[in-house]
Amino acid sequence: MVIGKNKLDELRSFLATPSSIVILSHTNPDGDAIGSSLAWAEILSKQGHKVTCILPNRYPYYLEFMPGIEDIVVFKDDKDGRANAAVKSADIIFSLDFHSLSRLDHLGDLIDENQHAKRILIDHHLDPSVDFDLMLSYPEASSTCYLVALIVEELYGVEQISPNMAVNLFVGMMTDTGNFAFSSVTPDVFRMVSVLAATGISIPDIHNHVYNSFTEGRARLFGYVINRKMKIFHNGAVAHMSLTADELRRFWFQQGDSEGFVNYPLTIKKMKMSAMFTEHSDFIRVSLRSRGDVDVNVFAQRYFNGGGHRNAAGGKSFVSMEETLAHYENSVKEYAAEGKL
Ligand code: 5GP
Ligand code: MN
């Protein structure tokens, strides 16, 4: 994967003079969203730009170790108007790790108020919307962190990657590739990992922070959802699981606790597609995963107003849990009847 020279030249010219810059990423931010934002913010700050990272809502507790995360403005909790001030005075607004401003919830309304800032996308999701002045959209890239690393390499040189940047970039590259196991992983991803590792970061420490720092409640919730809530149908090829608000309360749920649960049914032989439904205050969050050719990006677009990647996508449902599960099962039938499953 190569980033086009014209795109890099355009990016260079946007960044030629010190500017006020806002970096945005998506709702329910993950390691890739946060890692790419923090690494990009650090290098731009070093170049003399004034940078503010904004997220629509809070990040999961097990990512709190990421260097610089405390400086991120969480729009939902922003009582002193820092997001508002930064967006209004921004010359450039970067959107990292999401493909459309519609994924920002209410933060999107604030962005709309600033029509003079240049809008630049750096992302790896399919079908980006077109409301950007410059699009660095590479759906074949395994993570946005990998993209940011390549861009930093081209613009400033890899020797500018500090250990803190390396930690942040590694988190996103590791989490978005299922620990470097997905088909999106290329030899060049490992070359970049080698560059990051050479800065002296501790890969076991990062791994422990991300994968071995959960609460007891999460472990028990996981046992409960697999044992009691996993339904397998369509001849063992499709699964779904669900958690209601009441069940989440019973296990002292904290944001991020159910992250990764949706992958577990795919450890079963012959399983092709898995879904997790989590009840929030005004909608049900839908998480979808698949193996091989089964395309959950199309499935999420068609049945749950969502999108994502071929093997990992999501969306929302605005009817009851019971109706949502019935809708999922019917949609699976329809999808299978078209030979897509
Ligand atoms: P997750 O299941 O981890 O929340 O999301 C998996 C993938 O689906 C991510 O790449 C994410 O960007 C995408 N995704 C999740 N929810 C939505 C949504 O509501 N709309 C769209 N377009 N994509 C989503
Ligand atoms: Mn990503």
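**Stop 1: His 125**

Start by selecting His 125, which at 9% relative accessibility counts as buried. Here, buried means under 20% relative accessible area, exposed means over 50%, and partly exposed is in between, using a 1.4 Å probe and protein chains only. What you have open is a predicted model, in which local features need pLDDT of at least 70 and side-chain atom pairs count only at pLDDT 80 or more, while totals for chains, interfaces and linings use all residues. For finding your way, residues are numbered from 1 along each chain as its sequence is written, chains are lettered from A and ligands numbered from 1 in the order in which they are written, and side-chain values use heavy atoms, with hydrogens and water left out.

His 125 sits in the loop between strand S5 (118-123) and strand S6 (134-137). Helices (H or I, at least four residues) and strands (E, at least two) are DSSP runs, numbered from the N terminus.

Now show the neighbouring side chains. Which side chain makes a polar contact of 2.7 Å with the side chain of His 125? That partner is Asp 123. A polar contact is a pair of N or O atoms within 3.5 Å; within protein, one must be able to donate a hydrogen and the other to accept it, and residues adjacent in sequence count only if both atoms are side-chain atoms. The side chain of His 309 joins that of His 125 through another polar contact, at 3.3 Å.

**Stop 2: ligand 1**

Next, pick Ser 287, where a polar side-chain atom lies 2.3 Å from a ligand 1 oxygen. At Gly 314 the polar atom belongs to the backbone, and it is 3.1 Å from an oxygen of ligand 1. Of the 500 Å² that ligand 1 exposes when taken alone, the protein buries 83%; these areas come from the Shrake-Rupley method with a 1.4 Å probe, and for residues only the protein chains shown count as cover.

Which elements give two or more residues to the shell around ligand 1? They are S10, strand S11 (307-308) and strand S12 (312-317), with S12 giving the largest share, 4 residues. Select the whole shell and you will have 15 residues, the closest being Arg 103, His 125, Arg 285, Ser 287 and Arg 289. A residue is near a molecule or strand if one of its heavy atoms lies within 4 Å of it.

Colour by domain next. Domain 1 (5-210) and domain 2 (216-337) both contribute to the shell, so ligand 1 lies between them; the domain bounds come from an automatic or database domain assignment.

**Stop 3: S10 and its neighbours**

Follow Arg 285 into strand S10 (residues 284-290), where this arginine stands opposite Thr 278. S10 pairs with S9 in the antiparallel sense over 7 bridges; two strands pair if DSSP finds at least two bridges between them. A hairpin of 4 residues links S9 to S10.

Is strand S9 (residues 273-279) mostly covered or uncovered? It is mostly covered, with 6 of its 7 residues buried. Strand S8 (residues 238-243) pairs with S9 in the parallel sense over 6 bridges, and Val 238 has Met 273 as its bridge partner.

**Stop 4: the parallel sheet**

Go back to S5 and S6, which run parallel and are joined by 4 bridges. Leu 121 stands opposite Met 135 in S6. Zoom out to see 6 strands in an open sheet with parallel pairing, in the order S3-S2-S1-S4-S5-S6. Strand S3 (73-74) and S6 are the edge strands, each pairing on one side only.

All 5 of its 5 residues are buried, so S1 is largely enclosed by the rest of the structure. In a regular strand, side chains alternate between the two faces of the sheet. In S1, Ser 20, Val 22 and Leu 24 point one way, while Ile 21 and Ile 23 point the other. S1 runs parallel to strand S2 (residues 50-55), joined by 5 bridges, and Ile 23 has Cys 53 as its bridge partner there.

**Stop 5**

Most residues other than glycine have a negative phi. Asn 28 counts as partly exposed at 22% relative accessibility.

Finish at Asp 97, also not a glycine, with a positive phi of about 65°. Asp 97 is in the loop between strand S4 (92-96) and helix H4 (107-113), and at 1% relative accessibility this aspartate counts as buried.
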